[in-house]
Amino acid sequence: MNRPIVRMHNTETGEIVDREMNDAEFAQWQIDKAQAEAQAQAEIQKATAKLNAEAKLQALGITADDLKALGL
Amino acid sequence: MTRSRDNATNVAGDISGVTAGTGLSGGGTGGTVTLSVDTALVATTSNTMTLTNKTISASSNTLSGVINNTLTTTTGDMIYASGANTPARLGIGSSGQVLTVASGIPSWATASSGGGITLLSTTNIGSVTSVTVSINATGYESVRIAIRDFSLSSSGNPLFVRFNSDSNNNYFRTNTKSGFGQSDEAAGGGGSASKVGTTSQVRNNQTDSVWILDILNPNDTTVFKVGHFTSYLQRINDSGDGCESGGFTYKSTSAITSVTFGIETSGTFSAGDIKVYGIN
């Protein structure tokens, strides 16, 4: 499997090099990717929990505005 | 008895004529003979004369008002007085340098920008996962990194910025967000992180995303680097676009020598550029 490509721009010389990530960069990228995917999953769970809560409130005849009126 | 010289026969030792040699004029063979200096050829104390192709070879000659031309060795060299009555050479400076005074003598120095903002570099982002741009902010009080008009090849990718390829937990950030198709969000933040990251899963269909970061004292090796940022993005989980802004601290006393802008997950950029400015 090819590794992601990174671009290195040396602005002193003007040299621009596109190359595959080296070992250290690839290891860090895998860490970043795992964290980002976990964060995305957490956001999905948070959004799902919100929808479920709103559905429960609606079943009880309570709206979000009612909760705000109570200072909640 | 007086003897007439006109009728006399010349005897040994008599002068029969005077001929003006080089540098003289006049002369003759009888009567009063006058010789004059030819001022077209000979310099006197009173006449003005231009010397052409003449060389004074001994460097030890002291000629008031005359400077040895070997004092200047290079095109653009200048002559100044390093002391009273002491000519000295000032070698030509580098392109862009200006003449200044240091310790009482002239010298060449890098021009101060005199305030304002100067474009240092432009980097096309291209179809890559991350871009690292070297930064030389010598002489500037702050640096602006403007990541402009970028887009991604696929959605769902948070973005990050790191300095000096440092992926240790040396970054703090706080932020506020507005837009994104929802109510404004409260200020947020977190503990130390390994980057200055977006909190947004960025869409791929927006080509005018912008992320601007300003960093103070990029060359000061005695303080942490503090900055602020503003971004305009479109988040994948929401229906609209929005703005994030906030501050960050890069807990390092190293000078900022590079910035890396990248995608945390899969995919690549598909457009955009990075401009780095020096600010005074």
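Mentor: One term before we start: two strands count as paired if DSSP finds at least two bridges between them. Also keep in mind that this is a predicted model.
Trainee: Okay! How many bridges join strand 1 of chain A to strand 9 of chain B?
Mentor: Four, and the two strands run parallel. Strand 1 of chain A covers residues 5-10, while strand 9 of chain B covers residues 130-134.
Trainee: Which residue is the bridge partner of A:His9 there?
Mentor: That's B:Val133, in strand 9 of chain B.
Trainee: And what does strand 9 of chain B do with strand 18 of chain B?
Mentor: They pair in the antiparallel sense, over five bridges. In strand 18 of chain B, B:Ser258 stands opposite B:Ser134.
Trainee: Is strand 9 of chain B mostly covered or mostly open?
Mentor: Mostly covered, with five of its five residues buried. B:Val131 and B:Val133 point one way, whereas B:Ser130, B:Thr132 and B:Ser134 point the other way.
Trainee: Switching topic: what pattern does chain A follow along its sequence?
Mentor: It reads β-β-α-α, so to speak two strands and two helices. Of the 72 residues of chain A, 17% count as buried.
Trainee: Can we zoom in on helix 1 of chain A? What does A:Leu57 touch, leaving out residues up to four places away in sequence?
Mentor: A:Leu57, which lies in that helix (residues 23-59), touches A:Ile62 and A:Leu67. The C-alpha atoms of A:Leu57 and A:Leu67 are 9.5 Å apart, and the two residues are 10 apart in sequence.

How values were computed
Residues are numbered from 1 along each chain as its sequence is written. Chains are lettered from A and ligands numbered from 1 in the order in which they are written. This is a predicted model: local features need pLDDT of at least 70, side-chain atom pairs count only at pLDDT 80 or more; totals for chains, interfaces and linings use all residues. Side-chain values use heavy atoms; hydrogens and water are left out. Contact means heavy atoms within 4.5 Å. Buried means under 20% relative accessible area, exposed over 50%, partly exposed in between (1.4 Å probe, protein chains only).
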